[in-house]
Amino acid sequence: CFTQKASDSAEGCLLLYKSKAFRLLELTELPLSQLPRSGVVQVPDEVARLTSIDSAVGALLGRLPELEDIFPRLGTVAQLALLRSQDGERLILVCNTHLYFANYARHIRVLQVALILAEAEAISKRAEEEFGQQPALLFLGDLNSEPDTAATALLQEGYVSAAHPDWAKCASFRWGHASSRKAAKKMLAALKTGRPEAYRALREADGMDDLRISMERLQRSRACMAKLGIAEEEEESDEDDEEVDDYDEEEGESLGTSPWSALEQKLEARATFKTCAAVATAQLALDLQLSTEPVLDVEELGFDAVKDAADRLAQVVQQKMNDVVEKQRALAEQLGDSDLQPALAGLGLQLHSPFKLNSACESEFTNFVGNYEACLDWIFFSANHLEKVSEAPIPSREVVAAETALPSTRFP
């Protein structure tokens, strides 16, 4: 069974099963961009209990405008396949998905998990009424979620608190977060005014008071430093940066012109801080507040000055995150954790899973590249219906690292 993403992408989810062992009774293809079914709900109280997972998600969308803007854009889909063994003795409900990827979208992933679980519960109840037994549940896929995230907690522990740090840390995430194309357009627009003060205003226009702005400055700075070879490249990508910009850095050289003209020419040629070292340097100088004029050579900024400024910005972001996490924790304490009813508190939700699940995964990593390794892919199963018998061996870190990353010639 193949289900295409709810977007123009040719990607999707593929579920394979042995027809000799199972028969497909029902396939539900769930486009998560069309959920929650209850729609966006405006809840005036900062702390409130809701009637369902669906209404809880709708309430958080109503609380966070950036989240409400993002959700309909997502192409994420889930497959929920109800299978019956050919001997007729066992029902299995398989949930297969590939969750949204962005690092600071952890809150989105836990919402996606919750909505899939809610749909699985509805299908499970219908199946029990029709066939007289509750299906065993398998929840699996590339969840883009490490073990300490809220999405994994909801599946493995059956509960996620409104105090989980993912809610507060990710609440300010928006579509195009730290986008290289948006930054380039903004810089070019300032240069085209012909007024130096318009460019200089870019340094001060987005101050450090707002957590979202500080986070975006930090992420852009790290991407620029990676482009310039000052830091390792991060795994993170951006929604509107997925296509490679049509820019040749060698052909884009501008000799004998002022930094102002040279930068404008590069931006006109569709250069961004991800594709052009000069633009990366200019963006770095703005985001780290090291210069009010275009600087196209990082040596003019000084490597030590760049690293020190980046460290200071990281400290600012960390302190602001700590503040919002602490505030969120105080609100969540008003809910307690004994009530199974979904609830909204500040920037987060209290959610319980309708299923008791165990993890079949014990690997340290399922994703392995030069500078990033993590367990992102999971298989969860009904603890009341299934047990883990065996597992395929995972190659050791030493074997995988022999060719730097996955995929490789040995593990294509």
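The tour starts with notes on the model and then moves from selection to selection.

This is a predicted model, in which local features need pLDDT of at least 70, side-chain atom pairs count only at pLDDT 80 or more, and totals for chains, interfaces and linings use all residues. Residues are numbered from 1 along each chain as its sequence is written, and side-chain values use heavy atoms, with hydrogens and water left out.

Select residues 348-352, which form strand β10. Strands (E, at least two residues) are DSSP runs, numbered from the N terminus. Five of the five residues in β10 are buried, where buried means under 20% relative accessible area (1.4 Å probe, protein chains only). G348, Q350 and H352 point one way from the strand, while L349 and L351 point the other way.

Two strands count as paired if DSSP finds at least two bridges between them. A345 stands opposite G348. Two residues lie between the strands of this hairpin, and G346 takes a positive phi near 60°.

Now select residues 159-160, strand β8, which pairs with β10 in the antiparallel sense over two bridges. Y159 is opposite H352.

Move on to the open sheet of six strands, ordered β3-β5-β6-β7-β14-β11 with mixed pairing. Its edge strands are β3 (22-31) and β11 (357-359), each of which pairs on one side only. Finish with β3 and β5 (residues 77-85), an antiparallel pair with nine bridges; T28 has L80 in β5 as its bridge partner.

How values were computed:
Buried means under 20% relative accessible area, exposed over 50%, partly exposed in between (1.4 Å probe, protein chains only). Helices (H or I, at least four residues) and strands (E, at least two) are DSSP runs, numbered from the N terminus.
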